[in-house]
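Morning, everyone. I have one structure to walk you through today. Please take a look at it before I start.

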Amino acid sequence: MAPSHVVAAPVEQPEVDLPYRRLIGALMYITKRTRPEISFHVALLSRFCTRYQRGHYQDARKVLQYLVNTADVGLVINRSKSLELSCYTDASYGIDYVDQRSITGMCIFFGGNLISWTSCAQKTTARSTAAAEYLALDVGVKELLSLRNVLLDLEFPVSETIIMHCDNTAAIAIANGDTVSRRVRHVDIIYHFIREQVKRGLVKLVHCRTGDMVADVLTKPLDYQSLLKHRTAHGLICVDMHTCMDCVDCG
């Protein structure tokens, strides 16, 4: 069973008899280490830790049941001769169920292996899809350059230009400085950091088909087949085909 989206409304007084915070803490621990595909759901559920009700707890239990059913699915790191860094960023415009802000999803791969990911609500309210995607690029480029500096300190040979994938052509054009749109004039100047990195040649933006955007699963609930597709793209595979209840879908 795939985790569902949250439909319960927040309340002022939480039901203290439910171990909700303990469950969310456990789910966050797993999410940050080996199960990126539940990041969106856990991040959303964690926002109700001070005002939850039984409906939130039931949604969290669904995520837990999904993990139980896929207990033998793990994040596999494969040996690779490539030391290429790449990043995928995506955003779901206005999908936040709490305050209607957009959600950023970001995945970073090193040598074809997933090493960093995040799913979070944007701090600024985007007024268009292009603006939301542009803010997601800002999150991605900061994390990407931070990891690049770590690799350089470890004396890994890192490419001078790092590829960033985005499925929104308008956001790419804005980041490249090809256009000045009214839709992004409200965006604070601090979010234009990515333009400087593109001009310096440290980052190259490449358009990615929406169907191939592996960060999509970090921004919104997906149907189960799409979830399986992106899960595999992240390097999450069934390590024991004999006991995994999901092995038929894992392929």
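Let's begin at a turn. Strands E3 and E4 form a hairpin, with two residues between them.

Now the pairing. E4 covers residues 113-121. E3 and E4 run antiparallel, joined by eight bridges. To find your place, look at isoleucine 108: serine 116 in E4 stands opposite.

E3 has another partner. Strand E2, residues 85-92, is joined to E3 by eight bridges. That pairing is antiparallel too. Here, leucine 85 stands opposite phenylalanine 110 of E3.

So what about the faces? In a regular strand, side chains alternate between the two faces of the sheet. Is E3 mostly covered or uncovered? Covered: eight of its eight residues are buried. One side carries Ile103, Gly105, Cys107 and Phe109. The other carries Thr104, Met106, Ile108 and Phe110. Both faces are covered.

Next, confidence. Where in the chain is it highest? In strand E3, residues 103-110, with a mean pLDDT of 95. The lowest is helix H8, residues 247-250, at a mean of 50. The chain as a whole averages 85, and 82% of the residues score at least 70.

One caution on residues 1-7. Their pLDDT stays under 50. The model gives them 24 contacts beyond four places in sequence. Where pLDDT is low, the predicted coordinates should not be read in detail.

That's my tour. Over to you.

Definitions and conventions. Residues are numbered from 1 along each chain as its sequence is written. This is a predicted model: local features need pLDDT of at least 70, side-chain atom pairs count only at pLDDT 80 or more; totals for chains, interfaces and linings use all residues. Side-chain values use heavy atoms; hydrogens and water are left out. pLDDT is the predictor's confidence in each residue, from 0 to 100. Helices (H or I, at least four residues) and strands (E, at least two) are DSSP runs, numbered from the N terminus. Contact means heavy atoms within 4.5 Å. Buried means under 20% relative accessible area, exposed over 50%, partly exposed in between (1.4 Å probe, protein chains only). Two strands pair if DSSP finds at least two bridges between them.
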